[in-house]
Amino acid sequence: MVYAPLESRESYYVEYEGDGRYKFAYYLQSQSGQATPIFSVTMTLSLGGAGMIKEDVAFAGEPIISREDALKVARVFLVPEDMGTPAGGIALRGATNFQTPAGWDTMYTPIFNMIERPMAPMLVIRVETDWYAHETEFRYVLQPGEGLTIAQGIPIGQALFVPREEITTRDCTAEELEAIRKSQGEFARHKAEATQRTPYGLSYSPHYLRQSRAQKP
């Protein structure tokens, strides 16, 4: 799991407003525990998504930092140069970068098994991080009016490490196929034998969990 570079009192909200406009809002937690808005940055991309980025800063109250520092804060959490590719794409910067051993790549993915709706889609990328100093970022794609709230302790994506090697496939032999079918039959039989019933009347089998643990030294 990879998290945003946030302190415990910090959080932010980023929204795609449509037509190349993105809004970033920065919050600090007050003494009462409420998230208090400090400033927002509205980023407007050039037509076609390439060229200059217009950045407008608005403070929620008496400014406690300068406009230039507010833009620097926004860049701690976002990568403006990668916004808008494709339309609605936002680039969230991770708190941790990775360098892998020779021959290993890093895959940047959304969080697995997050099924709550609506869930913004994300572009998955594989980078050769053994030689390229790639900064960790996760590029979600939002529809106009959609936004994400990011706080400390909430992961923004996952990083997986995979060897960069050729993969070959072949057909199973008759003997291998027979062994696979025999193994499947034995697993189904042991799973059925281990079936248990919960107090609520539901049936489940712990056989897979037991076998998985038995494989570990």
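Reader: Why is D130 called buried?
Author: D130 has a relative accessible area of 17%. Buried means under 20% relative accessible area, exposed means over 50%, and partly exposed lies in between (1.4 Å probe, protein chains only). D130 falls under the 20% limit and is therefore classed as buried. The model is a predicted one, in which local features need pLDDT of at least 70 and side-chain atom pairs count only at pLDDT 80 or more, whereas totals for chains, interfaces and linings use all residues. Residues are numbered from 1 along each chain as its sequence is written, and side-chain values use heavy atoms, with hydrogens and water left out.

Reader: Where is D130 found, and which residues is D130 in contact with?
Author: D130 belongs to the loop between strand 9 (125-127) and strand 10 (137-141). Helices (H or I, at least four residues) and strands (E, at least two) are DSSP runs, numbered from the N terminus. Apart from neighbours within four places in sequence, D130 is in contact (heavy atoms within 4.5 Å) with Q99, T100, P101, A102, G103, W104 and R164.

Reader: What makes the pairing of the D130 and R164 side chains a polar contact?
Author: A polar contact is a pair of N or O atoms within 3.5 Å; within protein, one must be able to donate a hydrogen and the other to accept it, and residues adjacent in sequence count only if both atoms are side-chain atoms. The side chains of D130 and R164 are joined at 2.7 Å, so the pair lies within the 3.5 Å limit. The side chain of D130 also has a polar atom 2.9 Å from the backbone nitrogen of G103.

Reader: Why is E10 counted as buried?
Author: The relative accessibility of E10 is 15%. This value is under the cut-off for buried residues, so E10 is given that class. E10 is placed in strand 2.

Reader: Which polar contact does the side chain of E10 make with another side chain, and which backbone nitrogen does the side chain of E10 reach?
Author: The side chain of E10 makes a polar contact of 2.4 Å with the side chain of Y26. The backbone nitrogen of E7 is reached by the side chain of E10 at 2.7 Å. Leaving out residues up to four places away in sequence, E10 touches P5, Y26, Y27, L28, F77, A151 and Q152. The C-alpha atoms of E10 and I150 are 9.0 Å apart, although 140 residues separate the two along the chain.

Reader: Why is G61 called partly exposed, and why is G33 called partly exposed?
Author: G61 has 45% relative accessibility, a value between the two cut-offs, and so counts as partly exposed. G33, at 36% relative accessibility, is partly exposed by that rule as well. G61 is in the loop between strand 5 (53-59) and helix 1, and G33 is in the loop between strand 3 and strand 4 (35-45). The C-alpha atoms of G61 and F39, 22 residues apart along the chain, are separated by 8.0 Å. The C-alpha atoms of G33 and V127, 94 residues apart along the chain, are separated by 39 Å.

Reader: What is the omega of the peptide bond from T85 to P86, and where is P86 found?
Author: The omega is near -5°, and the peptide bond from T85 to P86 is cis. P86 is in the loop between helix 1 (67-77) and strand 6 (89-93).

Reader: What does the secondary structure of the protein come to, and what part of the 217 residues is buried?
Author: The protein has three helices and 14 strands. Buried residues make up 31% of its 217 residues. The C-alpha trace spans about 70 × 50 × 35 Å along its principal axes.
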